[in-house]
Amino acid sequence: MTADWTQGYVTETLYTDGFFRELSPAWLNYVAALKGCLPIPLDRPFTYLELGCGLGRSATVFAGAFPQARFIGVDFNPAHIALARRYAEAIGVDNISFLERGFADLQSSELPECDFIVLHGVYTWVNATARAEIRRIIRENLKPGGLVYVSYNSLPGWAAASPLRKLMVEIAADTHGDRAEAVGPALDLMEELNGVNFAYLKTNPSTAQTLKTLKARGKNYLAHEFLNSEWKLFYSVDIADEMADAKLTYLGSATLAENHVEYLVDKGTAEKINTQRSPRLRQLLLDYAINQRFRRDVFVRGHQRLDGIEREVALGAIPLGSLIPESQFTAKAKVGNREVTFAEKLFPLIKDAVKERPRTIADLRRICSAAADRPANVDHLLATLTAAGHLTPFARLSSADGNRLASVNKSVLDLAVATKSRQQMISALAGTGIAVDAVEAILYEAYLAGAKTAKALEKRLLQRLHEVGLSLSKRGQPTKTVEEQQAIAGEIVVRFLAEKSAILAQLG
Ligand SMILES: C[S@@+](CC[C@H](N)C(=O)[O-])C[C@H]1O[C@@H](n2cnc3c(N)ncnc32)[C@H](O)[C@@H]1O
């Protein structure tokens, strides 16, 4: 049985505690500038609202990274709100508040005017009434020039597999217990059905494949993904139409590679798409070309459509940095669906420039100017490197926030070790979170406490692992002897010193 306030949404099971970097103000600003819109100034107070914030991880991490801004998370599930509040308190982030409200109950007078409104994994999982309320909140509370992020399940990518969801709902309804309890038996039966002769699965081999991967996703995720009474699939153009209701215009994708048709499809297909007159049709054709299944759209309220020089200045002010180990900053990488080799002359200049600190795009243009045939080539390369994940849109060029964040991050590391789980260290410079698991957390703690040599780190790692009852495994297999533990600890420490300590230094 579910109560009325749930509107058919799963509330018996808690959602997972994911962190999503695409929701960062810095990331959204980059998409805005890339698409000819003014970014929101991040060095002064701004307001950020997350609708359907779940356990509040993403918003809390960003609140930690932008202490001068105000963050608000809204969710109608009291268990989610209680856990979100507890998490923010545990790591000492106090510029975020969480409201336990259904979208329909959220009065605009309760909220400030917002610069950012984001919703991840919400829009296509709630009913039409809740979607209309979301648009009302955006219409009433987003500032002119404000940015919106909305992610959703899309068509045509889900077309073939959507009957799987129907099957799961029906099997779950036929099973005793609540919806969360029903996920396990439903998956078991579906797996068995995969083995019998269903023409549906035979004619849709990719769907049979999807079915096989479902089990790995975890019951809580699957309950929220599939078992709500509403599960609506959208074409991107229809989402754009609905968002127009809230005075929004589509800007681009927070899945950065998806802003570059050339990296998604072959040349002929790209040409066909690019020669279509309206952006709307180009967008739809691209969805068909890549069989788009999940979109992360960024909208603006009032598209300023900056002209050439204005756009150059707005984009030029965006800082880019690197959050990957130097060894992974390779001259060849996957971008979208392509293997791309980066421009030979410019690549080393950029790699070198961001090695120790972030640089603005304008700065990187300057650094490359002598070696570039055309200035546009530098911008294109920077966008490609960012889409590849080699570069990340940062929040700032320098941060004087060291002491406050050191204490927050100490709590994050303690939490990772105590709960033996993945957490996010917070960087004010990058304006985002850096994933850390329990073993890395022990190493970071030891490193920050002064253990900088391999020997000292290894000793501390083994000692702490013993204290907290953790043991290392090799390729998923538990270690059997002390010598094996030591050998793996040694490898982990070498990797940490080679890769992670440099990132730590760059992030201050
Ligand atoms: C799939 S979860 C996504 C949570 C979070 N955004 C994330 O990605 O981790 C959807 C969230 O929306 C909340 N939600 C669903 N319907 C809602 C409504 N009508 N009002 C407020 N929150 C709602 C749920 O409780 C849930 O936490």
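Helices (H or I, at least four residues) and strands (E, at least two) are DSSP runs, numbered here from the N terminus. The model is a predicted one, in which local features need pLDDT of at least 70 and side-chain atom pairs count only at pLDDT 80 or more, whereas totals for chains, interfaces and linings use all residues. Residues are numbered from 1 along each chain as its sequence is written, and side-chain values use heavy atoms, with hydrogens and water left out.

In the loop between β5 and α5 (162–174) lies Pro 156, which is joined to Leu 155 by a cis peptide bond with an omega of about 10 degrees. Most residues other than glycine have a negative phi, and most peptide bonds are trans. Asn 291, in the loop between α12 and β7, has a positive phi, near 50 degrees, although this residue is not a glycine. Arg 305, which is found in the loop between β7 and α13 (308–316), likewise is not a glycine and has a positive phi of about 45 degrees. In terms of relative accessible area (buried under 20%, exposed over 50%, partly exposed in between; 1.4 Å probe, protein chains only), Asn 291 is partly exposed at 45%, and Arg 305 is exposed at 58%.

Thr 124, placed in the loop between β4 (114–119) and α4, is buried, with a relative accessibility of 0%. With contact taken as heavy atoms within 4.5 Å, and residues up to four places away in sequence not counted, Thr 124 touches Tyr 152, Asn 153, Glu 230, Trp 231, Lys 232 and Phe 234. A polar atom of the Thr 124 side chain lies 3.2 Å from the backbone nitrogen of Asn 153.

Helix α10 comprises residues 236–244, and Ser 236, Val 237, Ile 239 and Met 243 are buried in this helix. Seen down the axis of α10, the buried residues fall within an arc of 155 degrees, and therefore line one face of the helix; the arc is that of the directions from the helix axis to the C-beta atoms. The cover over these buried residues includes α4 (128–141), β5 (142–153), α12 (279–290) and β7 (294–300).

Phe 198, in the loop between α6 (179–195) and α7 (199–203), is partly exposed, with a relative accessible area of 30%.

Terms used
A polar contact is a pair of N or O atoms within 3.5 Å; within protein, one must be able to donate a hydrogen and the other to accept it, and residues adjacent in sequence count only if both atoms are side-chain atoms.
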